[in-house]
Amino acid sequence: MEMKIFIYLGIALLLSLLSSKAIKKFHLPNVTAYLIMGLLAGPYMFKLLPHEAIVSFEPISEIALGFIAFSIGSEFKFSYLKKVGKAPVVIAVLEAFMAVALVDLALILTGHDLSFSLMLGAIAAATAPAATLMVVRQYKAKGPVTNTLMPVVAIDDAIALMLFGISLAIVKTLNATEEVSLLMTLLKPFYDIIGALLIGAVMGVIQTLLIKWFSGRGNRLSVTIAMIALTLGLSKYLGFSELLSCMALSAVFVNFSSTANSVFDQIERFTPPIFMMFFFISGADLNIAILPSVGVVGLIYVIVRVIGKVSGATLGASLCKCEEPVRRYLGFTLIPQAGVAIGLASVALSVLPEYGQTIKVIILAGTVIYELVGPVVTKIALTKAGDIQPVLEKKLSTAV
């Protein structure tokens, strides 16, 4: 297997490149091409790559998430946040809360167990930033929706963890056979968030100092890769959110380093094959055979979560008096859901063993749908909002 892994890696990259060419004829994002090609070539369909190869690629997925979070964290520049004001925070809170509340309500009203409803609904807040970022990058999207979207996606992870923690505390209390500390359960997500942010902030300060010391472009790229890897490793070892830590790393760096922009330009040129592999692996890991098993409850989750995201984002944008394109289209860019949601589903499995497996299957099935549909919907929404220019899209399509 050790010898074959490089062959599988080469095959995966070449298939991804070919898929991006083919998808242009349908005017769909490259992300969709990578996901579909991974799905077709993976162990659940044509088995060009065995399951062992996909498992061995896991470090690539983890480092890719670190780079994605690092890129998104750059949106937290003080000068930019002053300009956009409170809107991203208000929108992120409301879109996450509405997704959770509506899924909870829909499940309870259709006769499902209260603990099951609260636990499944709690996961609805989580949004996957990777696909959204790739669509924005591919089409060089610029405009009010994109400007609001990136900080909203960054904040969403923290809000999702908080809401999940609150629901988890309620479910534990409802099902407790012995005394449970409600306060400690409620404080756990805040502890996790603060820990992740502290790790990222400290590493961001270290990176800023090292970048001053190493002036060469290659050295600065090496420093950045090292800091992302260290932040990921420390966060994973301590049980904190790797996404939040890498966002905090980037946020500190972008605000205190005068050379941050040039470093981010280097990272953007360095990451395409890593992101390509990330989405190919994500597609290969999707088992579409589980879709028929989710039943009515799965459909409720998939549909109502989207309604919650869209209505919450619209409400938040309206309260903050955002521009009309933001009010109309931002919610549709928040559909993708993947890693964080799957991780939360694993927690649910340990808390509610009688329902945990059902919750995990629903979340995995939802991931299949959201990851395939989400990038396409994001592209359509950004195009309708005017953030993706049709002329530029045509040029990009013919250039790839």
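Visitor: Which residues of helix 8 are buried?
Guide: The buried ones are Pro129, Ala130, Ala131, Thr132, Leu133, Met134, Val135, Val136, Arg137 and Gln138. Buried means under 20% relative accessible area, exposed over 50%, and partly exposed in between, with a 1.4 Å probe and protein chains only. Helices (H or I, at least four residues) and strands (E, at least two) are DSSP runs, numbered from the N terminus.

Visitor: What kind of model is this?
Guide: It's a predicted model, where local features need pLDDT of at least 70 and side-chain atom pairs count only at pLDDT 80 or more, while totals for chains, interfaces and linings use all residues. Residues are numbered from 1 along each chain as its sequence is written, and side-chain values use heavy atoms, leaving out hydrogens and water.

Visitor: Back to helix 8. Why is it called largely enclosed?
Guide: Because ten of the ten residues of helix 8, which covers residues 129–138, are buried. After the helix comes Lys140, with a positive phi near 50 degrees.

Visitor: OK, salt bridges. How many are there?
Guide: A search of the whole structure turns up four. The rule asks for a side-chain nitrogen of Lys or Arg within 4 Å of a carboxyl oxygen of Asp or Glu.

Visitor: Which residue does Lys236 pair with?
Guide: Glu62, with the closest N and O atoms 2.4 Å apart. Lys236 sits in helix 11 (residues 217–238) and Glu62 in helix 4, so the pair ties together parts that are 174 residues apart in sequence.

Visitor: Is Lys236 buried or partly exposed?
Guide: Partly exposed, at 45% relative accessible area. Glu62 is partly exposed too, at 28%.

Visitor: And what's Lys309 up to?
Guide: Lys309 is linked with Glu95 and Asp156 in a network of salt bridges. Its N to O distance is 2.7 Å with Glu95. That pair links helix 15 (residues 295–319), which holds Lys309, to helix 6 (residues 87–109), which holds Glu95, 214 residues apart. With Asp156 the N to O distance is 3.2 Å. There the link runs between helix 9 and helix 15, with the two residues 153 apart.

Visitor: Are those two partners of Lys309 buried or exposed?
Guide: Glu95 is buried, as is Lys309, and Asp156 is buried as well.

Visitor: What does Ile159 touch, leaving aside its neighbours within four places in sequence?
Guide: Ala92, Val93 and Ala96. Contact here means heavy atoms within 4.5 Å. Ile159 lies in helix 9 and is buried, with a relative accessible area of 12%. Its C-alpha is 9.8 Å from that of Glu95, 64 residues away along the chain.

Visitor: Where's the nonpolar patch on the surface?
Guide: Ile108, Leu114, Ile166, Ile170 and Leu174 form it, with about 400 Å² of accessible area together. Patch residues have over 30% relative accessible area and no salt bridge; like charges are joined within 9 Å, and nonpolar side chains (Val, Leu, Ile, Met, Phe, Trp, Tyr) within 5 Å. The areas come from the Shrake-Rupley method with a 1.4 Å probe, and for residues only the protein chains shown count as cover.

Visitor: Which helix gives the most to it?
Guide: Helix 9 (residues 144–174), with three residues. Leu174 is in helix 9 and is partly exposed, at 48%.
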